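Trainee: Could you walk me through this one with the numbers in hand? I'd like to ask as we go.

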Amino acid sequence: MEFHYKYSGSFVYFCVAKVGTPKRVCWTFIDELETEFLKLNNPKEKAIRDLIKTKLNFYNDPNNDQITRLRNKVDDVKDVMIDNIGTF
């Protein structure tokens with residue numbers, strides 16, 4: 001497990017991630033969580049819980065990471081090219 005945290009104002013935002021999770025994903029999660037939390041006006045526990053749940057669902061899906069999605073597309077193209085080379 002890897003731990004990432006940010007102290008901002010009177011709050012601490014943190015992310016616990018599997019080893020190997022891209023750091024950019026963890027820090028984007030923390031930054032977006034902070035931004036959205038600060039937008040809440042006098043947040044109730046349920047609002048905070050819903051916000052965290054929404055962000056966790058989004059950031060736990062690797063298809064939402066643009067770099068991962070691009071790498072997967074490049075790998076797909078590479079596989080097609082290798083298959084095409086083998087047919088000549």
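Trainee: Let's start with phenylalanine 11: is it buried, partly exposed or exposed?

Mentor: First the ground rules: this is a predicted model, where local features need pLDDT of at least 70, side-chain atom pairs count only at pLDDT 80 or more, and totals for chains, interfaces and linings use all residues. Residues are numbered from 1 along each chain as its sequence is written, and side-chain values use heavy atoms, with hydrogens and water left out. On the accessibility scale, buried means under 20% relative accessible area, exposed over 50%, and partly exposed in between (1.4 Å probe, protein chains only). Phenylalanine 11 has a relative accessible area of 35%, so the class is partly exposed.

Trainee: And phenylalanine 37, is that one buried or exposed?

Mentor: Its relative accessibility is 14%. That puts phenylalanine 37 under the 20% limit, so this residue counts as buried.

Trainee: What geometry does the aromatic pair of phenylalanine 11 and phenylalanine 37 have?

Mentor: Rings of Phe, Tyr and Trp (its six-membered ring) pair if their centres lie within 6.5 Å; planes under 30 degrees apart count as stacked, over 60 as edge-to-face and the rest as tilted. The structure holds five aromatic pairs. For phenylalanine 11 and phenylalanine 37 the figures are 4.9 Å centre to centre and 75° between the planes, and the pair is edge-to-face.

Trainee: How many residues apart in sequence are the parts that this pair ties together?

Mentor: Helices (H or I, at least four residues) and strands (E, at least two) are DSSP runs, numbered from the N terminus. Phenylalanine 11 lies in strand E2 and phenylalanine 37 in helix H1, so the parts tied together are 26 residues apart.

Trainee: What is the bridge partner of serine 8 in E2?

Mentor: Two strands pair if DSSP finds at least two bridges between them. Seven bridges join E1 to E2, which run antiparallel. Serine 8 has its bridge partner in E2, and that is phenylalanine 11.

Trainee: Which glycine in the turn of that hairpin has a positive phi?

Mentor: E1 and E2 form the hairpin with two residues between them. The phi is about 65°, and the residue is glycine 9.

Trainee: Which residues make the nonpolar surface patch of about 910 Å²?

Mentor: Patches are made of residues with over 30% relative accessible area and no salt bridge: like charges are joined within 9 Å, nonpolar side chains (Val, Leu, Ile, Met, Phe, Trp, Tyr) within 5 Å. Areas come from the Shrake-Rupley method with a 1.4 Å probe, and for residues only the protein chains shown count as cover. The patch residues are Met1, Phe3, Tyr5, Tyr7, Val12, Phe14 and Val16.

Trainee: Which elements give two or more residues to the nonpolar patch?

Mentor: Phenylalanine 3, one of the patch residues, lies in strand E1 and is exposed at 63% relative accessible area. The elements that give two or more are strand E1 (2-8) and strand E2 (11-17).

Trainee: Now charges: what is the distance between the closest N and O atoms of lysine 6 and glutamate 34?

Mentor: A salt bridge is a side-chain nitrogen of Lys or Arg within 4 Å of a carboxyl oxygen of Asp or Glu, and the count comes to eight. Lysine 6 is partly exposed at 24%, whereas glutamate 34 is buried at 10%. The closest N and O atoms of this salt bridge are 2.6 Å apart.

Trainee: Leaving aside neighbours within four places in sequence, what is glutamate 34 in contact with?

Mentor: Glutamate 34 sits in helix H1 (residues 23-39). Contact means heavy atoms within 4.5 Å. With those neighbours set aside, the list is Lys6, Ser8 and Tyr13.

Trainee: Which helix holds lysine 55, the salt-bridge partner of glutamate 32?

Mentor: The closest N and O atoms of glutamate 32 and lysine 55 are 2.4 Å apart. Glutamate 32 is in helix H1, 23 residues away, and lysine 55 is in helix H2 (residues 45-59).

Trainee: Is lysine 55 buried or exposed?

Mentor: Glutamate 32 is partly exposed, with 26% relative accessible area. Lysine 55 has 11%, so this residue is buried.
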